[in-house]
Amino acid sequence: MQIDPIEQFEIKNFLPIATLRGHEISFTNSALFMLITVAGVSLLMIGASASRAVVPGRLQSVAELSYEFVANTVRSSAGNEGMKFFPFVFTLFMFVLFANIIGLIPFSFTVTSQLIVTVALALTVFLTVVIYGFWHNGLHFFNLFVPKGVPKLILPMIVFIEVLSFLSRPVSHSVRLFANMLAGHITLQVFAGFIIMLASAGVLGWLGATLPFIMVVLLTALELLVAFLQAYVFAILTCIYLNDAIHPGH
Amino acid sequence: MSDGAREDGDHGKARTEEAALSARLQRLNERLARDRAGRSSESPGEDRATTASGYARGFRLSSELVAGVLVGAGLGWLIDRLLGISPWGLIVFLLLGFAAGVLNVMRSAGVVPRNAFDDGAARDKDT
C-alpha cells in the first residue's frame, strides 16, 4: 500500500463557477477551508463577545486573551501609533492561527500550506507598508533605504542592498509560513504511512508500528506548537514592517 | 444614647473602610502608571520573536538569507531580460542579493541593530 505524502495538498474543484481567458475559476477545497476558517474566527469572536459579561466566561476569556496578546504584540513592536493597524494584524493572526489549527484535523485541508495563499497575505502586508509609508511620510519614506553616516563612495551599493533587503521581505514572510506548514504535514504523513506499512506486515509489524505511532503523537504536539508559533511570527513580522512604515527614519 | 454610639461606630468603620479602599485605589493607580511607563519605554524590537524558540529562529534566519538571494537573482534576471545585458545583471544582482540576505539575517538575529549605521557614524566621529 503506497501513500503519497503530497496528495493531501491537492486542490480539488468542487463547483466550477466561470472561466476567465482560459483560467478556470471554481469553488475548491481550499476556498471551502478558507470559508471555514473565517466562519470559525467570526463565530468565536462574535459568540464570545455576545454576553459582554464583566467577569468573562470561558469563551469570552479566550477572546479577551487573544485580543490582549495581539494588542501587546502590536504595542511592543510598532509602538502606540501602530495600534491603528490593530484590526489588520489581529485579522491576519487569527486567520493564520485558525487555518493552521484546522489543518491539523485529520482529513482536513491546510490553507496555509498553499504558497499562493501565504504570498497573497504577505503581499497585502507589503503593499500596506509601501502605500501607508508614502502616504504618511511622503518622500521621507526613502530614508528607509539611505542609512545615515555611510561614506559617499559606497552609498549607492548600500542603497541597492537596502532596497533588495526590503524587496525580499514578502518572500521570506510568505515562504516561512508556507514551508513550515508544508514540511510539518509531509512529516506527519510520512510517519503515519510507516504505521500502515509496518502494520500490514503481521504481528511483528504491529509491534514495530508502535514506534512511528509514538512519533506521530509527538509530532502532532509539535505541529500544534508550530501552528501557533508561525501565526505569532507572521503577526510580529507584520508589526515590525508596519513600524518601518510609521517611523521610516530608522 | 446607645443608638448614637452604634451609629458613631458605624461611621468610624465606614470611614476606615473608605480610607482602605482609597489607599488600594491609589496603589493600583501607581502600579498601572508604572506598567504603562514600562510599556511605552519598551523599545520597538523583535526580541520576543527571536527568543520564542530555537526552531522558529533557525527557520527564520535561513528563510531570510534564501529570500535575499532569490530576490537578487530574480531582479538580475529581469534586468538581463529587459536590457539585454546578460549575464551582467544576474552576476551583480546575485551578489547584491547575497549581501542583502546576510544583512537580513544579521538584522533579524539582532547582531546589527536597525540603526547600525547611525551608531557607526557616531563612533567614527568620536575617534
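Predicted model: local features only at pLDDT ≥ 70, side-chain atom pairs only at ≥ 80, totals over all residues.
**View 1. The end of helix α4 of chain B.** Helix α4(B) is followed by B:Gly110, whose phi is positive, near 80°. The helix comprises residues 88-109, 22 residues in total, and spans 32 Å from its first C-alpha to its last, close to the 32 Å expected at 1.5 Å a residue. Its buried residues include B:Leu90, B:Phe93, B:Leu96, B:Gly97, B:Ala100, B:Leu103 and B:Asn104. An α-helix has 3.6 residues a turn, so residues three or four places apart point the same way.

**View 2. The β1–β2 hairpin of chain A.** Strands β1(A), residues 13-20, and β2(A), residues 23-28, pair in the antiparallel sense over six bridges. The bridge partner of A:Asn13 is A:Thr28 in β2(A). Two residues separate the strands of this hairpin, and A:Arg21 in the turn has a positive phi of about 50°. Of the eight residues of β1(A), the number buried is zero, so this strand lies largely in the open.

**View 3. The crossing of α5 of chain A and α3 of chain B.** The axes of α5(A), residues 155-199, and α3(B), residues 54-83, come within 8 Å and cross at roughly 130°. That angle makes α5(A) oblique to α3(B). The crossing is right-handed.

**View 4. Residues in contact between α5(A) and α3(B).** On the α5(A) side, the residues that meet α3(B) include A:Leu164, A:Leu167, A:Ser168, A:Val171, A:Val175 and A:Ala179. The residues of α3(B) that meet α5(A) include B:Phe59, B:Arg60, B:Ser63, B:Glu64, B:Ala67 and B:Val71.

Terms used: Residues numbered from 1 in each chain as written. Chains lettered and ligands numbered in written order. Buried ≥ 20, exposed ≤ 12 C-beta atoms within 10 Å, placed from the backbone. Helix = DSSP H or I, 4+ residues; strand = E, 2+ residues; numbered from the N terminus. Pairing = 2+ DSSP bridges. Expected span 1.5 Å × (residues − 1). Axes fitted to C-alpha atoms, helices over the stretch in contact; angles between N-to-C directions. Parallel < 35°, antiparallel > 145°, perpendicular 65-115°, else oblique. Left-handed = near helix turned anticlockwise from the far one by under 90°. Contact = placed C-beta atoms within 7 Å.
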